[in-house]
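Please walk through this two-chain model with me. Keep the sequence and the coordinates open side by side.

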Amino acid sequence: MGAFRIEEADRPHMLRLLIIWVILSFVGIVAVLQINYPPYDQTIQGQDQASTLKLLTVLATPVFVGVVMMILYSAVYFRRTTAELVDGPPMLGNTPVQIAWVAISAILVLFLAVVGIATLSSENVAQAVGHPGRAIGQSGGQTGSGTAGGSGAELHIQVIAQQWYFTYRYADYGGVETTHLNLPVDRPVELHVTSLDIIHSFWAYQLGVKADANPGVDNIFHVTPQKTGGFQVRCAELCGLWHGHMADSSGQVVSQSDFDTWIAQQQTDFETIAKAVPSYAPYYFPLPLTKGS
Amino acid sequence: MVVSERRLSIPNNPITGIVLAIPAYFFGVWLGTLFGNTDDQNTGVILGYLFATVAFLAGVGFLNYPLERLFGWRVTPITDPAENRGIGRYFRLSLDHKVIGLQYLVTILLMLLLGGIGAMLIRTSLLVPDASITPPGNYIPLIGLHSVMMIFITSAVIVGPFGNYLVPLMIGARRMAFPRLEALSFWVVPPAAVILAAATFWGGFPTGWTGYPPLSEQALQGMDSYIVGFALIAVALVTSAVNMLATIIGLRAPGMTWTRLPIFVWGIFTTSILGLLAAPVLAAALIMLAMDRSLNTSFFLASNGGSNYLWENLFWFFGHPEVYIFILPAFGIIMEIVPHFARKPLWGYRTGVVGLFGVALLSWFVWQHHLFVSGIAPVLRPFYMLSTELISIPTGIIFLVTLGTLWRARVWFTVPMLFCLGFLFNFLIGGISGVYLSDVPTDVTLHGSYFSMAHFHYTIMGGEIFALMAAAYYWLPKMTGKMLSPTIGRVHFWTMFIAFNSTFFPLFIVGLLNMPRRVSSYDPALVGLNRWVTVSAYVLFGSMVLFAGNLIYSWFFVSRPALANPWHARSLEWQVPTPVPARNFERVPVIVAGPYDYGIPNSRPVADLGGMVGVTGGG
């Protein structure tokens, strides 16, 4: 292993490549910064995901430009020009270059991992995490009848998946069950995702939420809406015949007062069927599966 | 010792196999009805498939040798390839690694055609956003069939044809270490494909290739095809892997030191380690699923105390090494072919080998990145995020070695070389998009969307299948004895490269814009992009038809035989005559130099072949 030394023959190639790489990377980074990254900014968590997406794209641009440039450059400048087959220079390797390449990729990777772990442990996303089988949060109650927490207290909502629709139960409002999801703006929500039959996945695209619904498991996901507006809900895990139709776009993020009106109406409607619905629980013991039926 | 003159007298060929398999299937079904559940036929169907497979293998001739040894009968001499040279040898049990390689090639390409037709049907269905072309009842089984068929193919498409044919030639051996095991690894593939296709008669299976319970326990009898077919592929993976490892370790010619081993052989070596260790885990999981479905156990049923997480972990503990089983031989192909056309030594040979082993090692520590949103313990997620991202370091080494070999080279732009460069471009996009999926916050939005679908098509089709094409154009002149037309080859490359990127790049955007995988109806706002993708996919299929045409035309309609060494390559497999003699080498060759010593002054030919004729030197 010798000192890092650039051979005379390499110099013009390296200089040319460096200049093109700097220019194209700069242009590329400016271009990818213009993109509005999904899942946009309806929730704090979605905004975090969008900014991570942007960071990854910015970092990927110089890597992509560099490698593609090397491929094209080799195809153009290192093409054989003679009619006869000739051998190239017998270069067997260059230890400093190899060490540098591994070191640079390691630094990039570790940087990404540190950023990712920091995002995971940050205030907003720290709890955006599933806890299978964990009991419902303290402020959630199975018997609380209409005792809405004040604005700002965490709202507990259970997402129940089954073939092939989602229903929602509001733990803080007596376990009222609804067919679509309404959320008050600027209030943290704790989603408890579970399933009655097979594995589904609750995907609210604009909210930046995706959580698998497993039978017998309470998968918890935190989300804080910060903008009012509609959102789509659909299943993201293959769940049989009508998987593609397990979708609706009736989800709404509304103001706290609109939410109070809506939930009161839901509670009134629910009273008539409340007796027939099982009482609220972290998860529901699924019926024995009928096979091949 | 007295050797009995008695012999098994049935003719051994696939027809006998099929004739035996059909009654065996019905016998299995009948047996299943005797003690299986009354409410379903799973036991019977599973037993039927297993009995049919064993009967087929018996008909092909796999039981002769064990029975002959057991009863002291005279052993049927099928071990000597020299006595079995007719065209019929390709349609019978053969223990010649070259015959097995070509049997594999044709079988797998036919399966690829089926899988490709499946892909075209899927894309046709997605021309409209409302499932009016293909109702979900057809669409869901269709994606299941396409996915598992393609997984079968991609597990074997390089190791099967090229590994079996070339590894003995490249290391200077006359055969594989275990020829019967090698033959078995091929002959279970046709039953596996037929059993998988038979799912159609039961309405298919609804789970895709992941087979997640409880959906797979709720499914109809089509699911049993998935279980038995996939288990047979696990058998093929293990038998092939143990054979490759034993061959590469034990049968290298004198002088073929580990540092003179062609890098393609290293690719096969590392992929075999993964296959040997991962496939048994799959087999175990499939047996548990079969028991859940037929014997009323509940390994995966939460309602009876099981857990679907058990399947998810077992499946992905196999499933993630499995995708490296696809790509490691492809890395080997790229690093193997580039030096011969760059006319330069492989730049950083040892580093490249370390890269292959690095990928192989890390592949065992990443499987839970498939479960980031499944509800696993959150403390696990940073570890799997880090380990997944670390894989880009050894993968980067593969790029470094290839680009270093190209540096200041005298590149001879042949069709295989074009496919190698196409591989680099596609796999770069595949690799970078993999980092997006490894990062937990972005994975939350990308998981299960078309983004991940585009990602793995970039790595598998853009990566492995492009490497396969490079290998086909490069090595088929040795294997079939005919050159593929370079003119058609160039047209094939450019249509395939452009159509591939035009098909799969928009799918990243489709995924970012909220389209989940495996749906027959989608957001009407995405119809424009989907139609673009479908039209591109048709062109992509057309480019594959072009390849098939080129292959058939050159193989059967060109009379001029290929030169023994048309690429003037140094490596050992090109130093034997074409067609390759029955026993490969007249004498065991003595290896005296490395395969990539281009441009090194006074470099010796790679081997002393003992005065063989028909040799054209490379360097």
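What follows covers the interface, then a sheet, then one histidine.

This is a predicted model, where local features need pLDDT of at least 70, side-chain atom pairs count only at pLDDT 80 or more, and totals for chains, interfaces and linings use all residues. Residues are numbered from 1 along each chain as its sequence is written, chains are lettered from A and ligands numbered from 1 in the order in which they are written, and side-chain values use heavy atoms, with hydrogens and water left out.

Start with the interface. Chain B puts 94 residues in contact with 93 residues of chain A (contact means heavy atoms within 4.5 Å). The two chains bury about 8,200 Å² between them, 68% of it on carbon and sulfur atoms. Buried area here is the accessible area (1.4 Å probe) that two parts lose on being put together, summed over both.

The rule finds 3 salt bridges between chain B and chain A (a side-chain nitrogen of Lys or Arg within 4 Å of a carboxyl oxygen of Asp or Glu). B:Arg343 forms a salt bridge with A:Asp87, with the closest N and O atoms 3.2 Å apart.

Which element gives the most to the side of chain B that touches chain A? It is α15(B), with 9 residues. Helices (H or I, at least four residues) and strands (E, at least two) are DSSP runs, numbered from the N terminus.

Move to chain A. An open sheet of 5 strands there has the order β4-β10-β9-β6-β7, with mixed pairing (two strands pair if DSSP finds at least two bridges between them). β4 (182–184) and β7 (209–213) of chain A stand at the edges with a single partner strand each, so one side of each lacks a neighbour in the sheet. β4(A) and β10(A) (residues 247–254) run parallel, joined by 3 bridges. A:Pro184 stands opposite A:Val254 in β10(A).

Finish in chain B. B:His370 is found in the loop between α13 (349–362) and α14. B:His370 touches B:Trp316, B:His320 and B:His447, not counting residues up to four places away in sequence. Its side chain makes a polar contact with the side chain of B:His369 (3.2 Å).

Note on methods. A polar contact is a pair of N or O atoms within 3.5 Å; within protein, one must be able to donate a hydrogen and the other to accept it, and residues adjacent in sequence count only if both atoms are side-chain atoms.
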